[in-house]
Structures are given as C-alpha cells and as structure tokens.
Amino acid sequence: MGERFDLVVIGGGSAARDAANTAAREHGATVAAVERERWGGSCPNVACSPTKAYLVAAELAHDVNELAPRMGVDAGPARIDLARVRAWKETLKRTQDEWVAMLMEQGYATYTGEASFLDPHRVRVGELVLEAERILVASGSRTAIPPIDGIDEVGWIDHVSALELTELPASVLVVGAGAVGLEFGQIFSRFGAGVTIVDAADRVAPLADAEASAILAAALQDEGIELTTSVFVQSLRRDGDEAVATIAPRDGSDGHELRAQTVMLASGRVPNLEGLNLEAAGVETTKAGIAVDDRLRTSAAGIWAAGDVNAVAQFTPIAQYQARVAVADMFGGEARADYSVLPTSIFTDPELGSVGLTEEQAQEQGHDVGVTRNDHVKRFQFIDERHGLFKIVFDRASRKVLGLHVVSRNAGDIVQGLSLGVRLGATVDDLAAMHHVFPTFGEGVKAAAERAESEGS
C-alpha cells in the first residue's frame with residue numbers, strides 16, 4: 001500500500017520546487033518531493049549563488065589592488081583570507097534543515113532518500129512507495145569526469161569542492177573553458193593563484209558569439225590568466241605536491257607538460273539518472289539526458305522531466321520555466337516550451353552576455369546578416385577597461401534584431417533588459433532611436449545601433 005499524491009517530484013532543486021509550488025498553488029495539488037542529496041538543489045547551495053558571491057569578492061579585491069591606487073584611494077593591498085570568504089559565503093545559504101522546514105511549511109510532503117521507479121506511477125523511497133498519476137523527474141546534474149589517464153589517482157576539485165577550500169592553492173589547472181571554468185579561473189587568479197585554463201574547443205566560451213569570445217579571452221589574458229585551446233589533457237600524474245598534466249594539441253603536434261598544485265574539472269555536466277530505474281517506467285534517455293518534447297513529456301505517459309536532467313538548456317531560470325510548462329501540461333494547459341530568445345551570461349569581469357542568434361548561427365539559418373558594433377563607453381574609463389563589445393546581429397532586409405552580444409561589466413543586466421525587445425521584434429533602428437541613460441554601460445548598445453543607421457547597412 002503506497003502513499004498517494006497528485007504529483008510526485010523527484011528532486012529538490014529549482015525545477016522541482018517551482019513545479020511543486022505551481023501545482024499546489026494553481027491547481028490545489030497534493031505534492032510529494034524526494035531528494036537524495038541536497039535540498040534546494042545546486043544553484044543556491046553549490047553553484048549560481050555561492051559562485052557569484054566569490055566573484056564579487058574577487059572583483060572587490062581586484063578593484064582595490066588595481067583601480068584604487070590610480071584613483072587616489074589608499075586601501076590596499078587587498079589580501080584574500082579564503083577561510084573567511086568561505087565562512088561569509090556560508091552565511092548566505094539556507095541549511096538543509098531550513099530547506100526541508102520551508103517546503104513542509106508550504107504543505108509538501110518531503111522524503112529524503114533515493115527515488116527508484118517501480119512502474120510509471122509508483123516510486124520507491126527506502127521502504128515507502130509513493131503513487132501518483134503525475135511524476136516529474138527533476139534530479140539535476142553533476143560534474144562530468146573526462147576520460148583522462150590518471151585522473152582518479154591525481155585528485156581533483158570541481159565547483160562544489162572548490163567552494164569548500166580554506167587555503168588558496170598556489171596554482172590551478174582548470175580543465176574546461178565554458179562558463180564554470182572561466183568564472184572559477186578568474187576567481188582563483190584574482191584571489192592570488194596562478195591559473196591556466198585548457199579546453200579541447202578552438203576558443204573559450206565556445207557556445208558564445210565568436211567575436212565576443214575572443215574579446216573576453218583577451219581581457220582574461222591581460223590579467224595574467226593563461227588560456228590554451230584546441231588541446232586535450234591526455235594524462236595526469238602526481239609529482240610531490242603538484243599535478244603534472246600532459247597536454248596534447250588536437251592537430252597532432254608535439255605535446256607538453258603543465259604543472260599545477262590543483263586540478264579543477266569544469267568540462268561539462270552529466271544528468272543524475274543512476275538509481276532512478278527509468279527502464280521500469282519506460283522512460284527513454286539519450287547520452288545527454290532524459291528525452292523530452294516541447295511540453296516536457298517523456299516517452300512514458302504521466303512522466304515529465306525538467307531542468308538539467310533533460311540537458312535542453314542547463315540554466316536555473318530554464319529549469320523553473322520548464323517546470324511551469326510541465327505542470328501546465330499535467331493539468332490540461334496548452335503551454336509549450338520556447339527557447340528562441342534566451343538571455344545568458346558568463347559572470348566574469350567583464351561579463352559576456354548574449355541573447356538571440358550569434359553571427360554564425362544567423363548565417364547558418366540563411367539570413368542576410370548585418371552586424372553593427374561598438375567597443376567602448378564612457379564608463380570604461382572609470383574602471384580602466386580596455387576590452388569591450390556591444391554587437392548587434394540583425395537581418396538586413398527587415399532590420400529586425402536577431403541577436404545581441406555584450407562584453408562589459410553588467411552585460412547580463414544589459415541583455416536581460418533588451419531581451420524583451422528582441423522577443424517583440426525590435427529593429428536595429430528601434431534601438432538607435434531609444435533614449436538612454438548617460439553614462440552607463442548599456443548605452444553601448446544604442447551607440448552600436450546608431451552606427452548601423454548612419455552606415456545604412
């Protein structure tokens with residue numbers, strides 16, 4: 001005999017909590033939530049929020065040491081006490097007991113343990129069986145471990161264990177030049193470590209616009225961060241207190257060795273599927289994760305999947321969005337997921353913010369592509385910023401904005417605000433004609449748009 005609910009949610013993170021809240025509030029559903037490891041999920045505990053806290057500390061230390069003396073502000077040198085930074089970061093988080101208490105106060109039944117499907121409508125958690133006509137799998141993802149010889153012997157950290165360090169390593173080799181690798185690479189560098197970032201792709205931030213990626217890379221290299229792309233980490237070995245990595249170029253040329261005290265893995269995510277026994281429920285998976293349609297339905301009737309576990313777009317706001325689409329579908333709605341206008345940001349300094357199509361994507365889709373750009377705003381002078389980009393990708397015939405790519409402080413905020421314009425079909429001329437606040441970082445977009453107007457491109 002099992003416990004019956006209107007909805008069982010497997011997971012305790014962003015997608016799971018949003019689904020539970022929406023189902024209970026809008027549809028009066030009884031909800032059970034099951035979490036095996038980390039109530040609240042990765043974002044508030046070990047990812048988005050604490051990582052950005054470290055980035056704020058790193059930016060403050062950088063500004064005190066690099067900008068303050070030029071401005072006549074005597075404040076440095078700033079020195080990082082990593083144990084105290086970690087302690088401060090911990091004060092910004094809820095405890096696991098607080099997470100559970102909050103969910104229970106909202107009326108959900110919570111079960112700590114591993115969920116395993118018995119069939120499409122029953123889930124076992126320990127000795128209990130939970131039954132529901134609707135089940136949402138939102139079990140998240142974890143760090144991918146690349147197939148590198150010796151990786152298990154040499155020891156490594158990831159974004160989770162990096163946030164637990166109380167002593168700064170002298171040097172760090174970061175494997176992966178996506179958002180996580182770039183953000184942590186800059187954190188460690190500004191904290192005082194020597195940093196090398198390597199990636200098999202031909203550029204950093206490989207999903208971003210290529211021009212924006214190059215400008216961000218130049219900014220990071222100017223700070224002393226070493227970037228090596230188009231290479232594989234072939235093997236790792238321990239030599240005393242250092243890890244020795246054999247680096248092999250993709251073109252087959254001679255490799256070389258890199259030494260670092262600490263190796264950090266940031267080369268991708270894998271879905272948390274182990275132990276779910278998805279076969280018993282008839283849920284199909286791919287190498288990326290659980291296969292879903294635009295209503296977040298899996299191959300099994302009555303089962304949906306949202307968040308990192310389906311690997312459609314591994315961002316916290318998308319996990320929440322998918323959860324709401326899934327719940328709407330569960331209760332007879334007509335919602336379908338649309339990711340065509342998705343603002344994103346890499347929170348380095350400068351940030352790389354994007355929304356819409358890259359220049360390359362617009363060309364691949366057959367648009368007659370126009371590009372207009374600006375690389376400087378007045379605010380850059382105040383922070384001694386030498387690397388920036390405000391790039392608009394548009395269709396020449398319709399003048400419609402297809403994409404916006406910004407490398408600047410506050411780039412995420414800039415594309416966040418303008419993403420609505422992209423969604424509503426704004427033209428490059430609309431951006432040129434808009435009023436702006438001076439002096440701001442965001443005015444760089446208007447300046448770029450004005451160049452398109454004056455050049456008649």
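Which residue is the bridge partner of I10 in β6? I looked this up before anything else. The bridge partner is V137. The model is predicted, and I read every entry below with that in mind.

**Entry: strand β1**

I followed β1, residues 3-10, to its neighbours. With β6, residues 128-137, β1 pairs in the parallel sense, and I noted seven bridges. With β2, residues 31-35, the pairing of β1 is also in the parallel sense, over four bridges.

**Entry: whole chain**

I counted elements next. The chain has 16 helices and 21 strands. Its radius of gyration is 24 Å, close to the 23 Å that the globule rule gives for 457 residues, so I put the chain down as being as compact as a globular protein of that length. Along the principal axes I read a span of about 70 × 60 × 50 Å for the C-alpha trace.

**Entry: α1 against α11**

For helix pairs I wanted two values, since two packed helices are described by the angle between their axes and the distance between the axes. Helix α1 (residues 14-27) packs on helix α11 (residues 316-330) at an angle of about 35°, and the axes are 8 Å apart. I recorded the crossing of these two helices as right-handed. On the α1 side, the residues in contact are S14, A15, D18, A19, T22, A23 and H27. They meet T316, A319, Q320, A323, R324 and V327 of α11.

**Entry: α3 against α4**

I repeated the exercise for α3 (residues 48-71) and α4 (residues 82-91), which pack at an angle of about 135° with axes 10 Å apart. That angle makes α3 oblique to α4. The crossing of α3 and α4 is right-handed. From α3, the residues P50, A53, Y54 and A57 meet L82, V85, R86, W88 and K89 of α4. I sorted this contact too, and got seven nonpolar residues, no polar ones and two charged.

The loop between α3 and α4 holds P77. I checked the peptide bond that joins G76 and P77 and found a cis bond, with omega about 0°.

**Entry: the five-stranded sheet**

What is the strand order in the open sheet of five strands? I read β17-β18-β21-β20-β19, with antiparallel pairing. The edge strands are β17 (344-346) and β19 (369-374), each of which pairs on one side only. From one strand to the next, the twist averages 10°.

Inside this sheet I looked at β18 (residues 351-356) and β21 (residues 401-408), which run antiparallel and are joined by six bridges. There S354 stands opposite H405 of β21. I then asked what lies across the sheet strands, and found helix α14, residues 411-423. Helix α14 lies across β17, β18, β20 (389-395) and β21, and runs at about 10° to β18.

**Entry: backbone exceptions**

Most residues other than glycine have a negative phi, and most peptide bonds are trans. I listed two further departures. The bond from F438 to P439 is cis, with omega near -5°. P439 sits in the loop between α15 (428-433) and α16 (443-455). L296, a residue other than glycine, has a positive phi, near 70°. I located L296 in the loop between α10 (278-281) and β16 (303-305).

Key
Residues numbered from 1 in each chain as written. Predicted model: local features only at pLDDT ≥ 70, side-chain atom pairs only at ≥ 80, totals over all residues. Heavy atoms only, no water. Axes fitted to C-alpha atoms, helices over the stretch in contact; angles between N-to-C directions. Parallel < 35°, antiparallel > 145°, perpendicular 65-115°, else oblique. Left-handed = near helix turned anticlockwise from the far one by under 90°. Contact = heavy atoms within 4.5 Å. Nonpolar A, V, L, I, M, F, W, Y, C, P; charged D, E, K, R; others polar. Pairing = 2+ DSSP bridges. Rg over C-alpha atoms; globule rule 2.2 N^0.38 Å.
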